[in-house]
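Biologist: Before we talk about contacts and charged pairs, could you put the model on the screen? I would like to go through it helix by helix.

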Amino acid sequence: MMAEAGAGGPRLAELLALGRRLWDELEASTEPSSGAPAVQDKVRQGLDALQRAAAMVAQLELFSENEELEEIASADLKFMLLPALLGGLTLKQVDLSRRREHLESAREHFLRFLKLCSNYGLGSFQLPPGTAGEEKTESPQDPAQPNLVAMAVSRAAKIERYKQKKELENKLASMRSSVESGTADEDQIREFYILQIQKWISTSLEEIESIEQELVILRSRDAPRQAPAGPRGPSRPARTPVKPFILTRDAAQARVFGAGYPGLPTMTVDDWYEQRRKQGIVSTPQRVPGASDEELQKQQQETEEKEDDEEALRKARSWDDWKDTHPRGYGNRHNMG
């Protein structure tokens, strides 16, 4: 494996070195905005270099699930950091329209890195509860009540990770100069890269937890836009508009009103009732099976009285409407001179 890595080594090492350098510059940047063109240009360059390096590592089959950590050459250990660096740079992209896509992509990179470390027995860690690929082990409980035990365990784990990360950073700082200058021996080089991997394990766990929290917010924000309209009740059939007319007592009165108001049709009460019956608005009493003629006559009389009351009410309202638009004496042509 060392020979295969050495065959493509110089180019692969250069790509990783470029990605690492750009990452370090971005971390130490004093730019006021992460969306500044110069910052995003470095992000794109770093992602391009690291993606090409990751493709070469996959082609070389540099790492395998069937080998032990001792089988990996010390000079090749640094390439295990590629997925973690890709995840870190992916999070530095600022295109808000693709934020969810970037979060999910970064999470996949971090998970790939953690699984690789787990395969080689590097670090003792557990993915945050609810993370994709990690089964929840919490007992069912009321979702409105927080799991205080789990919260306490998580807080303790974060504090411990923070302490370990600071210790690793201090140790790496003391070893960096000898490794980069080429004066370190193989054991020191190996320890230096393993410490870097352990530091990124802590960083990856923190980033995955933050990503999961942000994804929850984004999903809840997008849910109302994607939710289908709620079920609606059956729509009522549109009513046929009723044309205005004058309601009269009989045909003779209809002729009188019709002559005086040729622009407005007239209708007798019987004609109106017949029209309403045809429209299904006014119904005739149904004969109850087994009912006597006396009972049927009583039922019909009650129906007629009810309809007469409704008829009287409608007539009164129609007459009031007519009086509102026709003042007393309207149309009188007598005694005008």
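Biologist: In which hand, left or right, does H4 pass H5 in their crossing?

Modeller: Bear in mind that this is a predicted model. The axes of H4 and helix H5, residues 99-119, come within 7 Å and cross at roughly 165°. For the crossing in which H4 passes H5, the hand is left-handed.

Biologist: How are H4 and H5 oriented to each other, roughly parallel or roughly antiparallel?

Modeller: The angle between the two axes is roughly 165°, and angles over 145 degrees count as roughly antiparallel. H4 and H5 are therefore roughly antiparallel.

Biologist: How do the residues of the contact of H4 with H5 divide into nonpolar, polar and charged?

Modeller: On the H4 side the contact includes Pro83, Leu86 and Leu91, and on the H5 side Leu103, Phe110 and Phe113 are among the residues that take part. Gly87 and Gly88 of H4 also belong to the contact, as do Arg99 and Arg112 of H5. The division is 8 nonpolar, 6 polar and 2 charged.

Biologist: How many residues apart in sequence are the parts that the pair of Lys92 and Glu27 ties together?

Modeller: The side chains of Lys92 and Glu27 meet in a salt bridge, with N to O at 3.0 Å. Lys92 lies in the loop between H4 and H5, whereas Glu27 lies in helix H2, so the parts that this pair ties together are separated in sequence by 65 residues.

Biologist: About how many helical turns separate Glu14 and Arg11?

Modeller: Glu14 and Arg11 form a salt bridge through their side chains at 3.5 Å, N to O. Glu14 is partly exposed at a relative accessible area of 47%, and Arg11 is likewise partly exposed, at 41%. Because the two residues are 3 apart in helix H2, residues 9-27, their separation is about one helical turn.

Biologist: In which helix do Glu104 and Arg100 both lie?

Modeller: Glu104 forms a salt bridge with Arg100, and their closest N and O atoms are 3.5 Å apart. The two residues are 4 residues apart, about one turn of the helix, and that helix is H5.

Biologist: Does Glu61 count as buried or exposed?

Modeller: Glu61 lies in the loop between helix H3 (37-60) and helix H4 (82-91), and its phi is near 50°, a positive value in a residue other than glycine. Exposed means over 50% relative accessible area. Since Glu61 has 60% relative accessibility, the residue counts as exposed.

Notes
Residues numbered from 1 in each chain as written. Predicted model: local features only at pLDDT ≥ 70, side-chain atom pairs only at ≥ 80, totals over all residues. Heavy atoms only, no water. Buried < 20%, exposed > 50% of the residue type's maximum accessible area, 1.4 Å probe, protein only. Axes fitted to C-alpha atoms, helices over the stretch in contact; angles between N-to-C directions. Parallel < 35°, antiparallel > 145°, perpendicular 65-115°, else oblique. Left-handed = near helix turned anticlockwise from the far one by under 90°. Contact = heavy atoms within 4.5 Å. Nonpolar A, V, L, I, M, F, W, Y, C, P; charged D, E, K, R; others polar. Salt bridge = Lys/Arg side-chain N within 4 Å of Asp/Glu carboxyl O.
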